[in-house]
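Let's take a friendly walk through a protein chain. Please have the sequence and the 3D view ready, and turn the view as you read.

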Amino acid sequence: MKVLSEEQIIEIENREKYIEEKAELLKEYKSYAENLEYADDEFEEDMIMQKREKLAVQIKALGAKIREIKALESEA
C-alpha cells in the first residue's frame, strides 16, 4: 500500500469535479460542430475551429488527469 501525499488526496477528492467539467467541455465542443455547419464564411468557420481546438486541449488534459487519479486510487 502506497502512502499518498496531501496533494494526491485532494486530487482524488476532486475527481468527480473533473469528470463533470470534462462532460461540460465535451458538450460545448459538440455544440460548436453544429455551429460550424451554419458558419457564414471562412472567417467565422476559422473562429469556431479555434475555439474547438482550445476545448480539445482542455478535454485531453482533463482526461489525462482523471486517468492519473484512477491510477493513484488503484495504488492506494
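Which helices do the buried residues of H2 pack against? They pack against helix H1, residues 6–13, and helix H3, residues 42–75. Keep in mind as you look that this is a predicted model. The predictor's confidence averages a pLDDT of 92 over the chain, and 99% of the residues reach 70 or more. Among the elements of the chain, H1 has the lowest mean pLDDT, at 91, while H3 has the highest, at 95.

Let's begin with H2. This helix runs over residues 15–37, which makes 23 residues. From its first C-alpha to its last it reaches 34 Å, close to the 33 Å expected at 1.5 Å a residue. Now look for Tyr18, Leu25 and Tyr32, which are buried in H2.

Lys17 and Ile69 are 52 residues apart along the chain, and their C-alpha atoms are separated by 12 Å.

Now for the charged side chains. As a general rule, side chains of opposite charge can pair when their charged atoms come close. How many salt bridges does the model have? The count comes to two. In one of them, Arg15 pairs with Glu16, with the closest N and O atoms 3.9 Å apart. Arg15 has a relative accessible area of 22%, so this residue is partly exposed. Glu16 is also partly exposed, at 44% relative accessibility.

Arg15 meets Glu73 in a salt bridge too, at 3.2 Å from N to O. Why does this pair deserve a look? Glu73 lies in helix H3 and Arg15 in helix H2, so the pair ties together parts that are 58 residues apart in sequence. Glu73 has a relative accessible area of 31%, which means that it is partly exposed. Through shared partners, the salt bridges join Arg15, Glu16 and Glu73 into one network.

Finally, go to Lys2, whose place is in the segment before H1. Its relative accessibility is 42%, so Lys2 counts as partly exposed. What does Lys2 touch, not counting residues up to four places away in sequence? The contacts are with Gln8, Glu75 and Ala76. To end the walk, compare the position of Lys2 with that of Leu25: they are 23 residues apart in sequence and 33 Å apart in space, C-alpha to C-alpha.

Technical notes. Residues are numbered from 1 along each chain as its sequence is written. This is a predicted model: local features need pLDDT of at least 70, side-chain atom pairs count only at pLDDT 80 or more; totals for chains, interfaces and linings use all residues. Side-chain values use heavy atoms; hydrogens and water are left out. Helices (H or I, at least four residues) and strands (E, at least two) are DSSP runs, numbered from the N terminus. The expected span of a helix is 1.5 Å times one less than its number of residues. Buried means under 20% relative accessible area, exposed over 50%, partly exposed in between (1.4 Å probe, protein chains only). Contact means heavy atoms within 4.5 Å. pLDDT is the predictor's confidence in each residue, from 0 to 100. A salt bridge is a side-chain nitrogen of Lys or Arg within 4 Å of a carboxyl oxygen of Asp or Glu.
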